[in-house]
Amino acid sequence: MDSTDKKEQVLVVEGYRFATVADAETARLEKKKIDNLEQHLDFRNLQNVLMVYNKAIDNRVFLTPLGLGYLQRMQGQLLKCGVPEEKIRPVPLYATFSNKSESSGSIVRSLGAGGEKPEYKGRFVTSVCINVLLAAAIGALILLSMRSDLPTIVNYKTAIVNEYSEWEQELQERERAVREAEKALKKNER
């Protein structure tokens, strides 16, 4: 068996050939979860089955065709046992399968002037808005740091020099006051 055949075997799980080893491993993990559920879940208790089904959908437990097929089998079992269809949520698909635009029904061929895919247009606008808000926040932070009296990495040298200058001036004033007091004492002693 050559390396191509081995790689092919690594990508195949339960009759599905996955594009990546990571996807194949995800499918193998989902197969173990399915086997575990089959062993421990009491299918006679419809409330538990419905609860497990809904939890699996909410937590995105199953993402590969193996897991989604299992959810569909659970859905069929619930319907067969008399659970109303309105109470059973549809199995969600987390991937798209075509390059067709929903609004026009035609394949989007050119990008640019109005030819962007609709699902990316909303994300782009959201991204631009978030970037503008972040830039404004950074600008506001810079402005606040410039106007603040507290030293920052930008103005720490100036702040320290100013502080030492104030101390020096205060010390000189005290020395002058002490000298004047000494002179006054010397005059009073005479």
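1. A friendly start with the cysteines: Cys-129 is partly exposed, at 43% relative accessible area. Cys-81 is also partly exposed, with a value of 37%. A search of the whole structure turns up zero disulfides.

2. Please keep in mind that this is a predicted model. The chain has a mean pLDDT of 83, with 85% of its residues at 70 or more. Where pLDDT is low, the predicted coordinates should not be read in detail.

3. Now to the salt bridges, of which the structure holds six. Helix α2 carries one between Glu-25 and Arg-28, at 3.1 Å from N to O. These two residues are three apart in the helix, so about one helical turn separates them. Glu-25 is partly exposed at 39%, and Arg-28 is partly exposed at 25%.

4. Lys-31 and Asp-35 form another salt bridge, with their closest N and O atoms 3.0 Å apart. Both lie in helix α2, four residues apart. Lys-31 is partly exposed at 26%, as is Asp-35 at 34%.

5. Over in helix α6, Glu-170 and Arg-174 are four residues apart, about one helical turn. Their side chains meet in a salt bridge of 3.2 Å, N to O. Arg-174 counts as exposed at 56%, whereas Glu-170 is partly exposed at 39%.

6. Finally, do look at the surface: Ile-153, Tyr-156, Ile-160, Tyr-164 and Trp-167 form a nonpolar patch with about 610 Å² of accessible area together. Trp-167 sits in helix α6 (residues 156–189) and is partly exposed, at 44%.

Definitions and conventions: Residues are numbered from 1 along each chain as its sequence is written. This is a predicted model: local features need pLDDT of at least 70, side-chain atom pairs count only at pLDDT 80 or more; totals for chains, interfaces and linings use all residues. Side-chain values use heavy atoms; hydrogens and water are left out. A disulfide is a pair of cysteine sulfur atoms within 2.5 Å. Buried means under 20% relative accessible area, exposed over 50%, partly exposed in between (1.4 Å probe, protein chains only). pLDDT is the predictor's confidence in each residue, from 0 to 100. Patches are made of residues with over 30% relative accessible area and no salt bridge: like charges are joined within 9 Å, nonpolar side chains (Val, Leu, Ile, Met, Phe, Trp, Tyr) within 5 Å. Accessible areas come from the Shrake-Rupley method with a 1.4 Å probe; for residues, only the protein chains shown count as cover. A salt bridge is a side-chain nitrogen of Lys or Arg within 4 Å of a carboxyl oxygen of Asp or Glu.
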